[in-house]
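Dear colleague,

Please find below the structure that I am handing over to you. My notes on it follow directly after the sequence and model.

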Amino acid sequence: MSKIAVVTDSNSGITQAEAKELGIRVLPMPFTIDGETYYEEITLNQEEFYQKLAQNSDISTSQPSPESIIAIWDDLLKDYEEVVHIPMSSGLSGSCQTALMLAQDYENKVHVVNNQRISVTQKRSVYDAISLAEKGKSGSEIKEILEKDKFNSSIYIMIDTLYYLKKGGRITPAAAALGTLLRLKPVLQIQGEKLDAFAKARTVNQAKSIMINAIKNDIEKRFGGISPDNPIYLAIAHTQNEEAANLFKEELQAQLPDYPITDIDPLSLSVSCHIGPGSLAVTCCKKLI
């Protein structure tokens, strides 16, 4: 019997096809759109999602049902000794707390990792979990290592429009109107469990400069300094903005030539539905393994 199975959710950006290649399972995140339930990448792809967003459909996010989580765990435990489950950040969804509660009935066979990651940083945790399992670490050891590492990552996101933040009640209509009038491009950050305001830019180029400088500052002050001897993972993410993301990759790579950029990924739909299309994001993770 193989020892460790790894499970995550579609917020990681790992597709079902990639999951099959990696030998892991990915729970699709559910959405309610105009009263009908869809599942990310199963019955709802990126193009369809943005079409519905543009049509001003009523979209709300949810979390995987307890039944769907238990079904995957039970199936995996037929062939594996333990399951390591890596959900999206507990600060952004209740799915982590649900999984933690369900795992109590599994007598230390299921280990839910609460390391407060999402998107590309969550994907990196999945890769790390796979590597740790291959090195012979137990489920509880993998959980402990990943949770100790949770603050060794950063995400900065430039928002193209304030409309969706206003629609979701995350900013007031007055603030959205003023920001739109001033053509602001807010930059948000995710460090640990919270999505917070970081800076305000007047142009996309200014926002990109703010994000690049923030990543440089994090590497210098939090992650051990910019050096070929200090491995850091860099990645780009976006919402329906691939051409701009490719250009941003070139600009970021020129500023940090020692660190190859590992991914350019669409942000998960759970994030996209709150910030809308046109965003750009940059992430960094201190190399764990």
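**Surroundings of a loop threonine**

Leaving aside neighbours within four places in sequence, Thr-239 is in contact with Tyr-50, Leu-267, Ser-272, Ile-275, Gly-276, Pro-277, Gly-278 and Ser-279. Please note that the model is a predicted one. Thr-239 belongs to the loop that runs between strand S11 (232-238) and helix H10 (242-255). Its relative accessibility is 0%, so Thr-239 counts as buried, the limit for that class being under 20% relative accessible area.

**A strand residue for contrast**

Ala-199 is located in strand S10 (residues 194-201). Here the relative accessible area is 23%, and Ala-199 is therefore classed as partly exposed. When residues up to four places away in sequence are not counted, Ala-199 touches Pro-186, Val-187 and Ile-210. The C-alpha atoms of Ala-199 and Tyr-156 lie 9.9 Å apart in space, while the two residues are 43 apart in sequence.

**The protein as a whole**

The protein contains 11 helices and 13 strands. Of its 289 residues, 49% are buried. The accessible surface amounts to about 13300 Å², and carbon and sulfur atoms account for 48% of that area. As for contacts between residues at least 6 apart in sequence, 74% of them join residues at least 24 apart.

On the H9 side the contact is made by Lys-208, Met-211, Ile-212 and Lys-216, and on the H10 side by Leu-247, Phe-248, Glu-251, Leu-252 and Gln-255. By class, the residues in the contact of H9 with H10 are five nonpolar, one polar and three charged.

Helix H3 (residues 66-76) and helix H4 (residues 95-103) have axes that come within 11 Å and cross at roughly 55 degrees. H3 is therefore oblique to H4. H3 passes H4 in a right-handed crossing. Pro-66, Ile-69, Ile-70 and Trp-73 of H3 make the contact with Thr-98, Ala-99, Leu-102 and Ala-103 of H4. Seven of the residues in the contact of H3 with H4 are nonpolar and one is polar, with no charged residue.

For helix H5 (residues 119-134) and helix H6 (residues 139-148), the axes come within 10 Å and the crossing angle is roughly 140 degrees. H5 and H6 are therefore oblique to each other, since only angles over 145 degrees count as roughly antiparallel. Their crossing, with H5 passing H6, is right-handed. The contact draws on Ser-125, Asp-128, Ala-129, Leu-132 and Ala-133 of H5 and on Ile-142, Ile-145 and Leu-146 of H6. In the contact of H5 with H6 there are six nonpolar residues, one polar and one charged.

With kind regards

Terms used:
Residues numbered from 1 in each chain as written. Predicted model: local features only at pLDDT ≥ 70, side-chain atom pairs only at ≥ 80, totals over all residues. Heavy atoms only, no water. Axes fitted to C-alpha atoms, helices over the stretch in contact; angles between N-to-C directions. Helix = DSSP H or I, 4+ residues; strand = E, 2+ residues; numbered from the N terminus. Parallel < 35°, antiparallel > 145°, perpendicular 65-115°, else oblique. Left-handed = near helix turned anticlockwise from the far one by under 90°. Contact = heavy atoms within 4.5 Å. Nonpolar A, V, L, I, M, F, W, Y, C, P; charged D, E, K, R; others polar. Buried < 20%, exposed > 50% of the residue type's maximum accessible area, 1.4 Å probe, protein only. Areas by Shrake-Rupley, 256 points an atom, 1.4 Å probe, with all protein chains shown as cover.
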